[in-house]
Amino acid sequence: MQPLIDDRKNKQPTVIVIDDDQSVREALKGLFESVGLAAEAHGSVKDFIAADDPEKAGCIVLDIRLPGQSGLEFQEALAKSDLPRSVVLISAHVDVPMAVRAMKAGAIDVLSKPVREQDLLDAVNRAIANDTARRDEKAAKAATQTRYMTLTERERQIMTLVIAGKLNKQIAAELQLAEPTVKLHRGHMMRKMKATSVAHLVKIAGGLL
C-alpha cells in the first residue's frame, strides 16, 4: 500500500498514535512504519499536547478510553479548534451512540479492537487524504486573501461590481468614471486575482468568505 505524501513539506505525513496501552502503541507504530509511514506514539492526550506540532501533516489514531481527557472528548475539542486534525478512533468498547457522537464530530472512522490491520490502514489513508485536502484548501484561501490585499481600493470596488454582474458601462456610471478607465482597472484587477473569466473571478471570491 502506497502512503500518501505531503508535497508541501517534501516529507511523508505522520501518523500519531495515542493509546495508554504500551503494547498497542508499539504494535500500531510498527504497523505504520512497515508500510513506509512516519509514526509517533503517546500514552495520553497530555503527553501528545506537550510534544505536538500543530502544523505537522498527517492524522491521529486515538483510543477512546484514555486516562484524563478521553479520546472522544479530545476529538470533539480538536474539531472545534482553529487547527482541526483528521482522527481515526479505536476502542475495545464501541457502541452505537459513541460511534454516532464521534462521526458527528468529524471522525474519519471508528474501529473496534482488536483492529484488522487492513481496515486501519485504509482508514488512515482516508484520514491523510482528508488532512491533505484541508491543508490545501487553507493554503489556497490564504493565497487568495494575499492577492486580494494587493488590489487598490478602486480595483476592489470594480471587483465587487463585476462579481455582481455589472457591465463596464454600468460600472463606469456607478463610479462616475470613463469606461476606458474602468477597463484599465478591471484588467489590473483580473490579472492580480489570476482570474481568467468573470465566472472564475466569482469562484475565487468565494475563497475570501
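A word on ground rules. Because the model is predicted, local features need pLDDT of at least 70 and side-chain atom pairs count only at pLDDT 80 or more, while totals for chains, interfaces and linings use all residues. Residues are numbered from 1 along each chain as its sequence is written, and side-chain values use heavy atoms, with hydrogens and water left out.

Let's start with the overall layout. There are two domains, domain 1 (11-139) and domain 2 (151-207), with bounds that come from an automatic or database domain assignment. Their centres, taken over C-alpha atoms, are separated by 45 Å.

Now the cores. By nonpolar core I mean a set of buried Ala, Val, Leu, Ile, Met, Phe, Trp, Tyr and Cys residues joined through side-chain atoms within 4.5 Å. Buried is under 20% relative accessible area, exposed is over 50%, and partly exposed is in between, using a 1.4 Å probe and protein chains only. The largest nonpolar core has 19 residues, and those touching the most other members are V15, L28, F32, V61, V88, L120 and V124. Two or more residues come from each of β1 (14-18), α1 (22-34), β3 (58-63), β4 (87-91) and α5 (117-149). Those labels are DSSP runs numbered from the N terminus: helices are H or I with at least four residues, strands are E with at least two. The biggest giver to this core is α5, with six residues. Apart from this core lies another, of 17 residues, including F48, F74, L78 and A102.

Let's zoom in on A102. It sits in helix α4 (residues 96-104), and it counts as buried because its relative accessibility is 0%. What does A102 touch, leaving aside its neighbours within four places in sequence? A102 is in contact, meaning heavy atoms within 4.5 Å, with L72, Q75, L89, A107 and V110.

On to the helix pairs. The axes of α6 (residues 153-163) and α9 (residues 198-206) come within 10 Å and cross at roughly 110 degrees. Axes here are lines fitted to C-alpha atoms, for helices over the stretch in contact, and angles run from 0 to 180 degrees between N-to-C directions. Under 35 degrees counts as roughly parallel, over 145 as roughly antiparallel, 65 to 115 as roughly perpendicular and the rest as oblique; α6 and α9 are therefore roughly perpendicular. M159, V162 and I163 in α6 meet V198, L201, V202 and A205 in α9. By class, that contact has seven nonpolar, no polar and no charged residues. Here Ala, Val, Leu, Ile, Met, Phe, Trp, Tyr, Cys and Pro count as nonpolar, Asp, Glu, Lys and Arg as charged, and the others, Gly among them, as polar.

The second pair is α7 (168-175) with α8 (179-192). These two pack at about 105 degrees, with axes 9 Å apart, which makes α7 roughly perpendicular to α8. N168, K169, I171 and A172 in α7 meet E179, V182, K183 and R186 in α8. This contact divides into three nonpolar, one polar and four charged residues.

Last, the backbone. A cis peptide bond joins K113 and P114, with omega about -5 degrees. Q176 is not a glycine, yet has a positive phi of about 60 degrees; Q176 lies in the loop between α7 and α8. Is Q176 buried or exposed? Exposed, because its relative accessibility is 73%.
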